[in-house]
Amino acid sequence: MIELYTWSTPNGRKVSIMLEECGLPYNVHKINIGTNSEQFAPEYLKINPNGKIPSIVDPDGPDGKPYAMMESGAILVYLAGKTGRFLPKSLRSRYDALQWLMFQMGSVGPMFGQAHHFMRAKKDEVPYGSERYGNEAKRLYGVMDVQLARNRFLSGSEYTIADVATYPWVARHEWHRVDLGRFPNVKRWYDALGERPAVMKGMAVPAP
Ligand SMILES: N[C@@H](CCC(=O)N[C@@H](CS)C(=O)NCC(=O)O)C(=O)O
């Protein structure tokens with residue numbers, strides 16, 4: 001059974017969606033990052049030296065021994081490798097999926113996260129931050145909208161870990177003040193993914 005350390009955030013839900021999609025059994029351990037202490041507990045830092053969620057421990061790691069992992073993108077690649085699912089076999093499609101996964105990890109996550117910080121987390125909104133990251137979020141929706149006008153899924157015709165990684169961030173579109181109606185191709189993709197049973201189950205982790 002894979003041990004999942006998570007909280008109710010987009011990065012955490014990428015991994016619960018993937019575990020559900022792959023049909024892998026897992027135990028959920030809640031790490032309440034709002035306490036500003038659980039993620040920095042010495043025992044947890046042994047699993048995730050960066051003091052963030054998500055993390056997993058697979059008792060049946062690559063060499064048959066327990067294996068701990070941090071970084072949601074790396075965890076998705078690992079689970080795709082372990083199960084042979086959601087990362088295409090053909091090299092061209094595989095690199096397409098990895099490009100869009102890195103786009104999520106390097107742009108979508110950090111920029112949307114900063115937009116949330118400035119728009120929501122601060123008691124007094126900082127207009128410069130809200131504008132900068134809000135504009136960048138809209139720009140990234142534009143990039144995804146063009147890509148999804150040409151493709152059913154983010155990296156092509158197949159549902160991959162790039163889609164798994166991006167969905168929970170787009171699910172927070174109201175937080176970064178993006179009107180999905182302005183990005184019809186993203187909306188079509190978002191609505192379709194939201195109907196997948198594994199996506200619904202993964203988005204409900206951790207249970208309240
Ligand atoms: N690049 C990391 C980012 C992880 C991350 O930023 N996690 C946030 C929640 S979404 C967190 O744990 N924040 C707690 C903190 O910064 O103290 C990943 O994708 O796993």
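# Close-up views of a predicted model

Figure 1. Lys46 and Glu43 sit three residues apart in helix α2 (residues 42–47), so about one helical turn separates them. In this predicted model, the two form a salt bridge whose closest N and O atoms are 2.7 Å apart. Lys46 and Glu43 are both exposed. Side chains of opposite charge can pair when their charged atoms come close.

**Figure 2. A salt bridge between distant parts of the chain.** Here Lys82 pairs with Asp60, with 3.9 Å between the closest N and O atoms. Lys82 belongs to helix α3 (residues 72–83), while Asp60 is in the loop between β3 (55–58) and β4 (67–70); the two are 22 residues apart, and their pairing links distant parts of the chain. Lys82 counts as partly exposed because its relative accessibility is 33%. Asp60, at 46%, is partly exposed too. Look for Asp58 as well: together with Asp60 and Lys82 it is part of a network of salt bridges.

Figure 3. Asp191 and Lys187 form a salt bridge in which the closest N and O atoms are 2.7 Å apart. Both residues lie in helix α7 (residues 184–194), four residues apart, or about one turn of the helix. The relative accessible area of Asp191 is 35%, so Asp191 is partly exposed. Lys187 is also partly exposed, with a value of 34%.

**Figure 4. The largest pocket and its lining.** How much space lies in the largest pocket? The answer is about 830 Å³. Its lining has 28 residues, and those nearest the centre are Asn11, Ile33, Lys52, Ile53 and Trp169. Two elements, α1 (10–22) and α4 (91–121), each give two or more residues to this lining. Helix α4 provides the largest share, with eight residues. By type, the lining divides into ten nonpolar, 14 polar and four charged residues.

Figure 5. Which residues are around the ligand? They are Thr9, Asn11, Ile33, Gln39, Phe40, Lys52, Ile53, Pro54, Glu71, Ser72 and Met105. Among them, Gln39 has a side-chain N or O atom 2.9 Å from an oxygen atom of the ligand. A polar side-chain atom of Lys52 is 2.5 Å from a ligand oxygen atom.

**Figure 6. Two cis peptide bonds.** Most residues other than glycine have a negative phi, and most peptide bonds are trans. The bond from Ile53 to Pro54, however, is cis, with omega near 0°. Pro54 is in the loop between α2 and β3. Val205 and Pro206 are likewise joined by a cis peptide bond, with omega about 0°. This second proline, Pro206, lies in the segment after α8 (197–203).

Figure 7. Phe86 is a residue other than glycine with a positive phi, near 70°. Its place is the loop between α3 and α4. Is Phe86 buried or exposed? With a relative accessible area of 12%, Phe86 is buried. Arg177 also has a positive phi, near 60°. Arg177 is in the loop between α6 (161–170) and α7. At a relative accessible area of 42%, Arg177 is partly exposed.

Methods
Residues numbered from 1 in each chain as written. Predicted model: local features only at pLDDT ≥ 70, side-chain atom pairs only at ≥ 80, totals over all residues. Heavy atoms only, no water. 1 Å grid on protein atoms, 1.4 Å probe; cavity = no way out; pocket = protein on both sides within 12 Å on 5 of 7 lines; lining within 4 Å. Points joined across faces, edges and corners; volume = space filled by probe spheres on them. Nonpolar A, V, L, I, M, F, W, Y, C, P; charged D, E, K, R; others polar. Salt bridge = Lys/Arg side-chain N within 4 Å of Asp/Glu carboxyl O. Buried < 20%, exposed > 50% of the residue type's maximum accessible area, 1.4 Å probe, protein only. Near = heavy atom within 4 Å. Polar contact = N/O pair within 3.5 Å; in protein donor to acceptor, adjacent residues only side chain to side chain.
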